[in-house]
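Subject: Structure handover

Hello,

Here is the structure for you to look over. My notes follow below it.

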Amino acid sequence: MNITKGYRKVPFFIAAQTVIPKGMFIMAAEHKFYSALPDEARLIRTEVFVEEQGFRNEFDESDGQCLHLVIFSDGTPAAAGRIFPPENGICVIGRIAVLKNFRGKNFGAEAVRLLEEKARELGAEKTALSAQCRVTGFYEKLGYKASGEVYNDEFCPHIHMEKICDC
């Protein structure tokens, strides 16, 4: 099976089949990591963060320093996220977004899991993220702990969260 068919090739490319544990909503999803921001991730982030949530400064120079994850469901982009290379044993993950039609099906949790797995591969001891305060419960269920003060990213309250990699 040629899983790259129909997708733009980029310099750094990893493709795999991800099997979701029985009892979860999705049974199989394909995922890919890219070294440059792919069109699929740009589309997902634009729809979720710009159109739905009203952020204006979604894309920045940091996108050029990250690996970008896209999860596909039956060939359709469903979720995205990014991960920075480790610094002092910590990989920062973020921009985790799931298109509306795919919410409630564990694509968000799967994106975090895949980014954490990549962090371990890169040698990180911890993952960190900047969570919108309204979704801290989601990250807490995945083992993240909040620290520090709440701060605004544009107009939206956020808080720093970390998790020790369970290697």
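Asn101 is exposed, with a relative accessible area of 64%. Exposed means over 50% relative accessible area, buried under 20%, and partly exposed in between (1.4 Å probe, protein chains only). Asn101 sits in the loop between E5 and H2. Its C-alpha lies 8.0 Å from that of Ala78, and the two residues are 23 apart in sequence.

A word on what you have. This is a predicted model, where local features need pLDDT of at least 70, side-chain atom pairs count only at pLDDT 80 or more, and totals for chains, interfaces and linings use all residues. Residues are numbered from 1 along each chain as its sequence is written, and side-chain values use heavy atoms, with hydrogens and water left out.

Confidence next. pLDDT is the predictor's confidence in each residue, from 0 to 100. The protein averages 86, and 83% of the residues score at least 70. Over residues 1-27 the pLDDT is below 50. That stretch still has 57 contacts in the model beyond near neighbours in sequence. A contact means heavy atoms within 4.5 Å.

Now the overall layout. The protein has three helices and eight strands. Both are DSSP runs, numbered from the N terminus: helices are H or I with at least four residues, strands are E with at least two. The order from the N terminus is β-β-α-β-β-β-α-β-α-β-β. Of the 167 residues, 46% are buried. Take the contacts between residues at least 6 apart in sequence: 59% of them join residues at least 24 apart. The protein exposes about 9000 Å², with 53% of that from carbon and sulfur atoms. Accessible areas come from the Shrake-Rupley method with a 1.4 Å probe; for residues, only the protein chains shown count as cover.

The largest nonpolar core has 39 residues. Such a core is a set of buried Ala, Val, Leu, Ile, Met, Phe, Trp, Tyr and Cys residues joined through side-chain atoms within 4.5 Å. Ile71, Ile93, Phe107 and Tyr139 touch the most other members. Elements that each supply at least two residues include strand E2 (28-34), helix H1 (39-52), strand E5 (90-98) and strand E8 (156-164). H2 gives the most, with six residues.

E3 deserves a look. Seven of its seven residues are buried. Leu67, Leu69, Ile71 and Ser73 cover one side; His68, Val70 and Phe72 are on the other. E3 pairs with E4 in the antiparallel sense over seven bridges. Two strands pair if DSSP finds at least two bridges between them. Gly75 is partly exposed, at 39% relative accessible area. Gly75 and Ala29 are 46 residues apart in sequence, yet 8.6 Å apart C-alpha to C-alpha.

Last, the cysteines. Cys133 counts as partly exposed, at 27% relative accessibility. Cys156 counts as buried, at 10%.

Best wishes
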